[in-house]
Amino acid sequence: MTQDYPNCTYHGCDIVDVTNKNLKIDQFTFNFGNVIQGLPYEDNTFDFVQMRLFTAALRKEEWPIALKEIIRLTKPGGMIQLMEPDFRLSEDDSSAYNKFIKALDSVCTSKGQDLHITYQLEKLLLETNLIKVTEQDTRHCNLNSNTATTKKFAWDFVELAKGTISGIKPLMGINSEEDISKFLNELKHCLIHTDIHLYVNRISVQKL
């Protein structure tokens with residue numbers, strides 16, 4: 001984005017520092033913040049705000065708070081873009097992918113989260129009476145297409161599984177480190193060699 005719009009300035013904000021230390025971008029500033037508690041910016045600061053991949057970070061009752069907060073930061077007439085995964089099951093219900101998604105869904109539900117919140121975002125945004133929807137689309141890729149991009153997505157997905165396996169393993173009958181290693185290998189093989197599609201939904205809105 002900095003190459004496409006070199007005259008703009010950019011701000012990143014997260015609870016932890018997720019910046020790439022190898023990149024040196026003069027126009028970029030990073031801050032710490034929690035979107036539920038309030039971000040460290042004045043009202044009407046930004047022309048464009050993007051929030052993405054919060055599906056497993058927010059409880060259902062926290063989404064309206066988060067959306068109102070990013071709207072607060074956006075200038076009237078400015079744009080907001082949300083991107084969240086759309087966890088659709090594959091046709092093979094016995095696949096390692098489906099087993100993982102079902103277990104993840106169950107754990108998220110027990111924590112008050114909605115793994116399919118992406119389908120509610122338009123409604124939640126419109127309920128603020130502060131925006132109008134300008135664009136929505138869904139993009140997807142088949143992970144067995146063997147491209148550089150799909151290989152990276154498959155790697156990302158396996159890393160997601162590694163990061164969550166400790167919390168969902170009881171639901172999957174996984175009891176040992178050996179079982180974990182076996183399942184992760186099965187998941188990687190499933191992603192690369194079977195018909196698994198990853199979906200991402202995007203919605204763009206304009207602040208009134």
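Reply: Two strands count as paired if DSSP finds at least two bridges between them. Bear in mind that this is a predicted model. Let's start with β4, residues 74-86. On one side, β4 runs parallel to β3 (residues 46-52), and six bridges join the two. One of the pairings puts Met51 together with Leu82 in β4. To get from β3 to β4, the chain passes through helix α1 (residues 63-73), making a right-handed β-α-β crossover.

β4 also pairs with β6 (residues 197-207), this time antiparallel, through eight bridges. There, Asp86 sits opposite Tyr199 of β6.

Now the charges. Opposite charges on side chains can pair up when the charged atoms come close. Asp137 and Arg139 form a salt bridge with their closest N and O atoms 3.4 Å apart. Asp137 has a relative accessible area of 21%, so it is partly exposed, while Arg139 reaches 53% and therefore counts as exposed. Through shared partners, salt bridges link Glu135, Asp137, Arg139 and Arg202 into one network, and Arg202 lies within the residue range of β6.

Another pair is Glu62 with Arg59, at 3.9 Å from N to O.

Definitions and conventions
Residues are numbered from 1 along each chain as its sequence is written. This is a predicted model: local features need pLDDT of at least 70, side-chain atom pairs count only at pLDDT 80 or more; totals for chains, interfaces and linings use all residues. Side-chain values use heavy atoms; hydrogens and water are left out. Helices (H or I, at least four residues) and strands (E, at least two) are DSSP runs, numbered from the N terminus. A crossover is right-handed if, with the strands pointing away from the viewer, the path from the first strand over the helix to the second runs clockwise. A salt bridge is a side-chain nitrogen of Lys or Arg within 4 Å of a carboxyl oxygen of Asp or Glu. Buried means under 20% relative accessible area, exposed over 50%, partly exposed in between (1.4 Å probe, protein chains only).
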